[in-house]
Amino acid sequence: MRVSDGMSALVLIIGPGHTLRQAARLMAGRGCGAAVVLDTDGAGYGILTERDLLLALAAGKDPDVEIAADHLTRDLVFADPEWSLDTAADAMLRGGFRHLVVTEGGTVAGVLSMRDVVRCWNQQRVSA
């Protein structure tokens, strides 16, 4: 199976100026664990995850004041839709993260989570 088989093509994209509360509400509303952050002023793509929100709140940060740009991960590993799920899982395990931004032709095509990988592997095992 490939990344394209498991990724979510419906991607939540927010701006770097969204507050953490706004980001959390959007993520909760979409039922997703990560938002791609697009900084059109030159910083490019980043990702804000549930873990980032949790760490900010645990540190006593005000979710109505703190913005996504100050809590996201900028050093992303981008996946290709044609990668195998094994390659994607290996990248996540080596990097210690649970989400990959999938790009195709320089644009975001989807997001793949470790949960998506496990779901696909389980479906493949059950159908075999």
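Tutor: What follows covers the chain as a whole and then helix α2. This is a predicted model, where local features need pLDDT of at least 70, side-chain atom pairs count only at pLDDT 80 or more, and totals for chains, interfaces and linings use all residues. Residues are numbered from 1 along each chain as its sequence is written, and side-chain values use heavy atoms, without hydrogens and water.

Student: How many helices and strands are there in the chain?

Tutor: The chain has 5 helices and 6 strands, taken as DSSP runs (H or I, at least four residues, for helices; E, at least two, for strands) and numbered from the N terminus. From the N terminus on, the order is α-β-α-β-β-α-β-α-β-β-α.

Student: How many of the residues count as buried?

Tutor: Of the 128 residues, 41% are buried. Buried means under 20% relative accessible area, exposed over 50%, and partly exposed in between, with a 1.4 Å probe and protein chains only.

Student: Now α2. Which of its residues are buried?

Tutor: In α2, residues 20-30, they are Leu20, Ala23 and Met27. Seen down the axis of α2, they fall within an arc of 65 degrees, so they line one face of the helix. That arc is the one of the directions from the helix axis to the C-beta atoms.

Student: And which exposed residues does the face turned away carry?

Tutor: Arg25, Ala28 and Gly29.

Student: What covers the buried side?

Tutor: The cover of the buried residues of α2 includes β1 (13-14), β2 (34-39), β3 (44-49) and α3 (50-58).

Student: What follows α2?

Tutor: Gly31, with a positive phi near 70 degrees.

How values were computed
Contact means heavy atoms within 4.5 Å.
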